[in-house]
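Student: I would like to learn how to read helix packing and ring pairs in a model of this kind. Could we go through it together?

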Amino acid sequence: MPRWNVEKLISLVQERPELWDSRSSRYQDRVWKEVAWAQVARRMRRAKWEKGDSLSRAELVKQTKTRWNSCRDQFRQEMNERGQSGQGGSKKRPYLYSAQLQFLRPVMDLRPTVDSLDDPEDSDVGVSDTAAAFSPAHSPATPVAKKSQPAQLEAEMTSPRRPEQGTQALPRRRRQAQPSSSGPQTLEMIGPEEE
């Protein structure tokens with residue numbers, strides 16, 4: 001694969017916000033984006049672009065997009081690694097083109113870090129909320145009793161349920177065991193040895 005002038009690629013993409021700025025009105029327009037990618041590919045590989053037919057030009061555009069995606073993804077990975085909580089200074093060298101790619105920071109959807117050491121009582125959904133949402137008293141299958149009869153409700157919940165009249169529990173069927181492929185049955189299937 002030919003060497004790329006990555007700094008030139010970054011500057012060409014930066015000039016065309018429809019390729020990277022999700023806030024731009026043209027970002028959603030595929031036609032504008034394809035035209036912009038063709039312009040970038042033509043400027044990056046002018047000689048090949050002039051000599052090439054439509055298939056080779058499409059391949060140049062594809063290679064250009066791939067190289068850009070690689071740069072952007074590397075920058076995003078570095079930003080995510082720097083933002084992780086609980087880590088000290090990174091011993092890894094910064095990405096070579098981090099300074100040129102700083103224009104991407106406002107549009108990168110970097111997720112905020114979450115501290116795993118937070119107290120569950122401080123979180124939005126506590127254990128008690130989850131237990132209440134999934135308790136048998138709140139399930140649609142359990143009949144709701146009146147509040148004036150707590151003893152009756154407690155007795156219903158602790159006593160075993162009997163099937164209603166007219167419904168009978170079906171007997172459980174056992175799965176039949178598969179015949180073994182070794183042993184006397186196999187010999188019967190093969191038959192006596194002939195000499």
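Student: Which residues in helix 1 meet which residues in helix 2?

Tutor: Please keep in mind throughout that this is a predicted model. On the side of helix 1 the residues are Lys8, Leu9, Leu12 and Val13, and they meet Trp37, Val40, Arg43 and Met44 in helix 2.

Student: How are the two helices oriented, roughly parallel or roughly antiparallel?

Tutor: In general, two packed helices are described by the angle between their axes and the distance between the axes. Here the axes of helix 1 (residues 6–14) and helix 2 (residues 30–44) come within 10 Å and cross at roughly 150 degrees. Because angles over 145 degrees count as roughly antiparallel, helix 1 is roughly antiparallel to helix 2. The crossing of helix 1 past helix 2 is right-handed.

Student: How many aromatic pairs are there, and what is the geometry of the pair of Trp20 and Phe103?

Tutor: A pair of aromatic rings is described by the distance of the centres and the angle of the planes. The count comes to three aromatic pairs. Trp20 and Phe103 form an edge-to-face pair, with 4.8 Å centre to centre and 75 degrees between the planes. This pair links distant parts of the chain, 83 residues apart, since Trp20 lies in the loop between helix 1 and helix 2 and Phe103 in the loop between helix 4 (54–83) and helix 5 (127–133).

Student: What is the mean pLDDT of the protein?

Tutor: The mean pLDDT is 74, and 55% of the residues reach 70 or more. Over residues 126–136 the pLDDT is below 50, and this stretch has five contacts in the model beyond near neighbours in sequence.

Note on methods
Residues are numbered from 1 along each chain as its sequence is written. This is a predicted model: local features need pLDDT of at least 70, side-chain atom pairs count only at pLDDT 80 or more; totals for chains, interfaces and linings use all residues. Side-chain values use heavy atoms; hydrogens and water are left out. pLDDT is the predictor's confidence in each residue, from 0 to 100. Contact means heavy atoms within 4.5 Å. Axes are lines fitted to C-alpha atoms, for helices over the stretch in contact, and angles run from 0 to 180 degrees between N-to-C directions. Helices (H or I, at least four residues) and strands (E, at least two) are DSSP runs, numbered from the N terminus. Angles under 35 degrees count as roughly parallel, over 145 as roughly antiparallel, 65 to 115 as roughly perpendicular and the rest as oblique. A crossing is left-handed if the near helix is turned anticlockwise from the far one by less than a right angle, and right-handed if clockwise. Rings of Phe, Tyr and Trp (its six-membered ring) pair if their centres lie within 6.5 Å; planes under 30 degrees apart count as stacked, over 60 as edge-to-face and the rest as tilted.
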